[in-house]
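Subject: The structure we talked about

Hi there,

Here is the structure I promised to pass on. Please open it alongside this note, and I will walk you through what turned up.

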Amino acid sequence: MNTKSVPALVTLLAGFIACVAGIRAHMEVADFLIMLLIVLIVFYFLGGVVRMILDMNFETKQEEETTDGEALQTDDGESAVDGGDADEDAGEE
């Protein structure tokens, strides 16, 4: 899964919510900008943590699928992953 954009999406969402909250609270511009900067920095790092967690979980899931895929059998009873013995089998017929 492509998780490259997760920190940016989390940051943009947090920034949008902070902007709406600042406008509704009628904050001064200087205070609003400081608050927005802090929110963007904090949520960018939190988005990076979420991305790392997602990457680790998807790596584990893909490794499990690969391990499970080695035991698959074809209709004629041969292993689906037989390590390149197809040339040898064709010569035996």
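Helices are DSSP runs of H or I with at least four residues, strands are runs of E with at least two, and both are numbered from the N terminus. Please keep in mind that this is a predicted model, where local features need pLDDT of at least 70, side-chain atom pairs count only at pLDDT 80 or more, and totals for chains, interfaces and linings use all residues. Residues are numbered from 1 along each chain as its sequence is written, and side-chain values use heavy atoms, with hydrogens and water left out.

**Helix H1**

H1 covers residues 6-24, which makes 19 residues. From first C-alpha to last it reaches 27 Å, close to the 27 Å expected at 1.5 Å a residue; that expected span is 1.5 Å times one less than the number of residues. Buried in H1 are Val6, Pro7, Thr11, Ala14, Gly15, Ala18 and Gly22. Viewed down the axis of H1, these buried residues fall within an arc of 160°, so they line one face of the helix. The arc is taken from the directions that run from the helix axis to the C-beta atoms. On the face of H1 turned away from the buried side sit the exposed residues Leu9, Leu12, Leu13, Phe16, Ile17, Ile23 and Arg24.

The largest nonpolar core has five residues, namely Ala14, Ala18, Phe32, Leu36 and Val39. Such a core is a set of buried Ala, Val, Leu, Ile, Met, Phe, Trp, Tyr and Cys residues joined through side-chain atoms within 4.5 Å. H1 and helix H2 (29-69) are the elements that give two or more residues to this core, and the largest share, three residues, comes from H2.

Val39 lies in H2 and is buried at 16% relative accessible area. Val39 touches Ala14, Gly15 and Ala18, while Leu36 is in contact with Gly15, Ala18 and Cys19.

Thr3 belongs to the segment before H1. Its relative accessibility is 3%, so Thr3 counts as buried, and Thr3 is in contact with Arg51, Leu54 and Asp55. In the loop between H1 and H2 you will find His26. His26 has a positive phi of about 55° although it is not a glycine, and it is exposed at 69% relative accessible area.

**An aromatic pair**

How many aromatic pairs does a search of the whole structure find? It finds one: Tyr44 and Phe45, edge-to-face, at 6.1 Å centre to centre with 70° between the planes. Rings of Phe, Tyr and Trp (its six-membered ring) pair if their centres lie within 6.5 Å; planes under 30 degrees apart count as stacked, over 60 as edge-to-face and the rest as tilted. Tyr44 is partly exposed at 47%, whereas Phe45 is exposed at 56%.

Best wishes

Methods
Buried < 20%, exposed > 50% of the residue type's maximum accessible area, 1.4 Å probe, protein only. Contact = heavy atoms within 4.5 Å. Lists of a residue's contacts leave out its neighbours within four places in sequence.
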